[in-house]
Amino acid sequence: MNDQPRRRPATPHRRPQKDPVRFLAFEALRAVDERDAYANLVLPPLLKKARAKGDFDNRDAALATELVYGTLRRQGTYDAIVAACIDRPLREVDPPVLDVLNMGVHQLLGTRIPTHAAVSASVELARVVLGEGRAKFVNAVLRKVSADDLDGWVARVAPSYEDDAEDHLAIVHSHPRWVVSALWDALGGGRAGIEDLLEADNERPEVTLVARPGRSTTDELLEALGEENGLPGRWSPYAVRMAEGGEPGALTAVQESRAGVQDEGSQLVAAALANAPLEGRDTRWLDGCAGPGGKAALLAALAAGRGAALLAAEKQPHRARLVERSLAGNPGPYQVITADGTRPPWRPDTFDRILMDVPCSGLGALRRRPEARWRRRKEDLESFAPLQRGLLREALKAVRIGGVVGYATCSPHLAETRVVVEDVLKGRGGAPVEAEWVDARPLMPGVPALGDGPDVQLWPHLHGTDAMYLAVLRRTG
């Protein structure tokens, strides 16, 4: 008789199962981190490839999109929560591990995915992309996180508003502290306004189309979308809002460049410059920083309707090609060139209207590019400042006396908006410029809450647009 204990049969090693949705979301997050890519540029081709393989349907694509954008938007909050659940500094956690953790935290605290499914799916992803050892670490952390909801965790990891208002807002609303401070300075007012703005930055923006005048109409776009999928714009006469999940590229007008995707704030800026009162000649328009081409395409269409010609200049050759694509088929005269607006090839006193939508920090488009809030540093503003001032000075030289220049940024930061304009007008850092402010508020008819003027600042929480800034100046000498 054999007295040896009977051995249990060995459990066969189970290979980790690759979840295509979460794997794709992880790929996108890694591209954002490793290559400084933007999610809105990385994600669409990944989704297109997955659809072509037959791996994805619309629900899968929607979940992958939510996982990527939700994780990026709430990264600051989730980092603080993860830091409270581990016994080492957060900086010692490898970035791929942190991506899996934060994506898991988002599923637990920011979606309706059941707790067990969020944890098990995240651990399985970790097994696929990180290995068994790290998957155990992910499992341990996420089980700690699952013990409370988002409000409970925020109460634990954020200081009280009374003790440190900016740090409280930074953690609760997932923005770097310096961004909270800068937005608060630009917005002014008390707690309610800044909280509304920060909350708006974390919401998914609508997809807005522009019907380029003379080439398409809002009625055409609304008819193509149908009642359930299309709504008129709030403020721009050229805007149509799409229902969530719609595909702009499926519309014939978009395929033919007669319409495009363009935030309503961007449309308002271009239309305001075109609407600025002008005496005398009005035949030569310039878009001095034209890439990637949305404003240039709208300006070209408006110019064509008046018999004017647009020159679209862009310093970067690849962005100049995007401008050419946007303007393709425009019926009026236009030209696209590769040129640096701080060392322009055109002569002074040439143009009647000029738009300078200058390079900036992009803090006004955090809804669309949530990773920008983590990528930008306060010091970056110093590198933009000379360029912004140089572009505005050259624009005021290039416009004729009596002509108008629109200085625009997709940032509400005072150092990129009003301070730049005032410095140029007062000759700080260069020769004084003879120009006067034009009140931009009447150039956006029907748009409320435009402030005291003469410049205009749009806001996501007040207008549903990106935080576009516009100053309109008329050259006087």
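The backbone nitrogen of Gly-265 lies 2.8 Å from a polar atom of the side chain of Asp-263. A polar contact here is a pair of N or O atoms within 3.5 Å; within protein, one must be able to donate a hydrogen and the other to accept it, and residues adjacent in sequence count only if both atoms are side-chain atoms.

This is a predicted model, in which local features need pLDDT of at least 70, side-chain atom pairs count only at pLDDT 80 or more, and totals for chains, interfaces and linings use all residues. Residues are numbered from 1 along each chain as its sequence is written, and side-chain values use heavy atoms, with hydrogens and water left out.

**Around Asp-263**

Asp-263 sits in the loop between S4 and helix H14 (264-275). Helices (H or I, at least four residues) and strands (E, at least two) are DSSP runs, numbered from the N terminus. Asp-263 counts as buried because its relative accessibility is 10%. Buried means under 20% relative accessible area, exposed over 50%, and partly exposed in between (1.4 Å probe, protein chains only). Leaving aside residues up to four places away in sequence, Asp-263 touches Thr-208, Arg-367, Arg-368, Thr-465 and Asp-466. Contact means heavy atoms within 4.5 Å. Glu-206 is 57 residues from Asp-263 in sequence, yet 8.6 Å from it in space, C-alpha to C-alpha.

**Backbone features**

| Residue | Phi | Loop between |
|---|---|---|
| Ser-257 | about 65 degrees | helix H13 (252-255) and strand S4 (259-261) |

Ser-174 counts as buried because its relative accessibility is 0%. Ser-257 counts as buried at 14%.

One joins Gly-291 and Pro-292, with omega about 0 degrees. Pro-292 is in the loop between strand S5 (284-287) and helix H15 (294-305). Another runs from Gly-453 to Pro-454, with omega near -5 degrees. Pro-454 is in the loop between strand S10 (435-438) and strand S11 (456-457).

**Nonpolar cores**

A nonpolar core is a set of buried Ala, Val, Leu, Ile, Met, Phe, Trp, Tyr and Cys residues joined through side-chain atoms within 4.5 Å. The largest has 48 residues. Phe-56, Val-68, Val-138 and Val-145 have the most contacts inside it. Among the helices that each supply at least two residues of this core are H1 (20-35), H2 (39-53) and H7 (132-145). A second, separate core has 42 residues, including Ala-276, Leu-299, Ala-408 and Val-472.
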